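Here is a friendly walk through one protein chain. Please have a look at the sequence and the structure, and then read on.

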Amino acid sequence: MGFYLLSYLCMFVFMLATAYLVYRQITLPVHVRWELYPVQHETASRVSYGGSYLEEINWWEKKQERSLFNEFKYMLPEILFLRGLWKENKILWRVSFPFHFGLYLMLATLGLLLVNALFTLWKGPGFASGGTTQSLLDGLIVFIGWSGLILGNIGSLGLLYKRCYETELRNYSSFSDYFNILFIFLFFSSALAAAVFKDPLLEGAKAYAFGLLTGGVPLNGYAPGQTITGGVAIVSASLLIAYIPLTHMSHMFMKYFLYHKVKWDDAPNRRGGRIEAAIRENLEFKPTWRAKHVDADGSKSWRDIASSAPKEMK
């Protein structure tokens, strides 16, 4: 039961930490607009050349057209396949892609395991022994699970090698960078070892997911931690779930705010509106920058600084 309690605790930490991250993001002061185009929620005709609704005559009198489809068409290849890294650094992409995609496949495997557990509890006709639904799910779990484990191990070792032996990465790699890769590699390697030597069809993973939904009720006499590698895989996976939202690795799901709230935010600043009120609030902040030309001594607000006459620097 200890394994299940650890998993429950780690999932609770994940939800709590993620909720705090979201709360912190939505309560931050309004950002400084980037003015980068194309903005992906524009219509396809404008995105093709980097256009904007601001081109329209009397645009403020018209309803702004947005395309959620265009946003996802851009975001999905970027998030899943690291398109930006492929364009800028193909050599690094060759190890970074399997690392990230391996993690995504593990998340997909977890989702399939939970679906499998729900169907097992439901005991529907299509999920009887040898049923079509069960066979399909079993095949998907094995294929996606093994693919994720293999890619994840390749990517982890590749990234670790590059950070250790390539000067360009080693010079700005911190302790946490190495620790994160080693932590994730511990999960990938232990899970792969458990699958290779004990559980090639991932029956233990299915049974553990079933136990998560039933409060530890065993499936087919399964007990977690029967092997060292299996126990390490469960513990490392659970701790990883809690650890990710506490680090910069949370960018994998916090990218929403970068894309929508910063990079693509082109909402008009209307008189008396929400943005104007937020800007007025920002103007009352008192910066303490050390740059002399800003003259930010901690007592003057941005309003005071912006409205004062510029000083000649000699």
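Leu202 sits in the loop between α8 and α9 (203–214). Helices here are DSSP runs (H or I, at least four residues), strands are DSSP runs of E with at least two residues, and both are numbered from the N terminus. Although Leu202 is not a glycine, its phi is positive, at about 60°. Most residues other than glycine have a negative phi. Is Leu202 buried or exposed? Leu202 is buried, because its relative accessible area is 10%, where buried means under 20%, exposed over 50% and partly exposed in between (1.4 Å probe, protein chains only).

A word on the background: this is a predicted model, in which local features need pLDDT of at least 70 and side-chain atom pairs count only at pLDDT 80 or more, while totals for chains, interfaces and linings use all residues. Residues are numbered from 1 along each chain as its sequence is written, and side-chain values use heavy atoms, with hydrogens and water left out.

A positive phi also turns up at Asn58, with a value of about 55°, although Asn58 is not a glycine. Asn58 belongs to the loop between α2 (44–47) and α3 (68–81). With a relative accessible area of 33%, Asn58 is partly exposed.

Another loop residue is Ser173, found between α7 (167–170) and α8 (175–197). Ser173 counts as buried because its relative accessibility is 15%. Which side chain does the side chain of Ser173 meet in a polar contact? The partner is the side chain of Arg163, at 2.6 Å. A polar contact is a pair of N or O atoms within 3.5 Å; within protein, one must be able to donate a hydrogen and the other to accept it, and residues adjacent in sequence count only if both atoms are side-chain atoms. Setting aside neighbours within four places in sequence, Ser173 is in contact (heavy atoms within 4.5 Å) with Arg163 and Tyr178.

Now for the helices. Tyr4 is part of helix α1 (residues 2–26), and at 2% relative accessibility Tyr4 counts as buried. Beyond its neighbours within four places in sequence, Tyr4 has contacts that include Ala207, Tyr208, Leu212 and Pro224. Ala237 lies in helix α10 (residues 228–243) and is partly exposed, with a relative accessible area of 23%.

| Pair | Separation in sequence | C-alpha to C-alpha distance |
|---|---|---|
| Tyr4 and Gly216 | 212 residues | 6.5 Å |
| Ala237 and Phe187 | 50 residues | 6.0 Å |

Finally, step back to the whole chain. How many helices and strands does the chain have? There are 13 helices and 0 strands. Of the 314 residues, 38% count as buried. The radius of gyration, taken over C-alpha atoms, is 25 Å, whereas a compact globule of 314 residues would have one near 20 Å; that rule is 2.2 Å times the number of residues to the power 0.38. Along the principal axes, the C-alpha trace spans about 80 × 45 × 40 Å. Among contacts between residues at least 6 apart in sequence, 63% join residues at least 24 apart.
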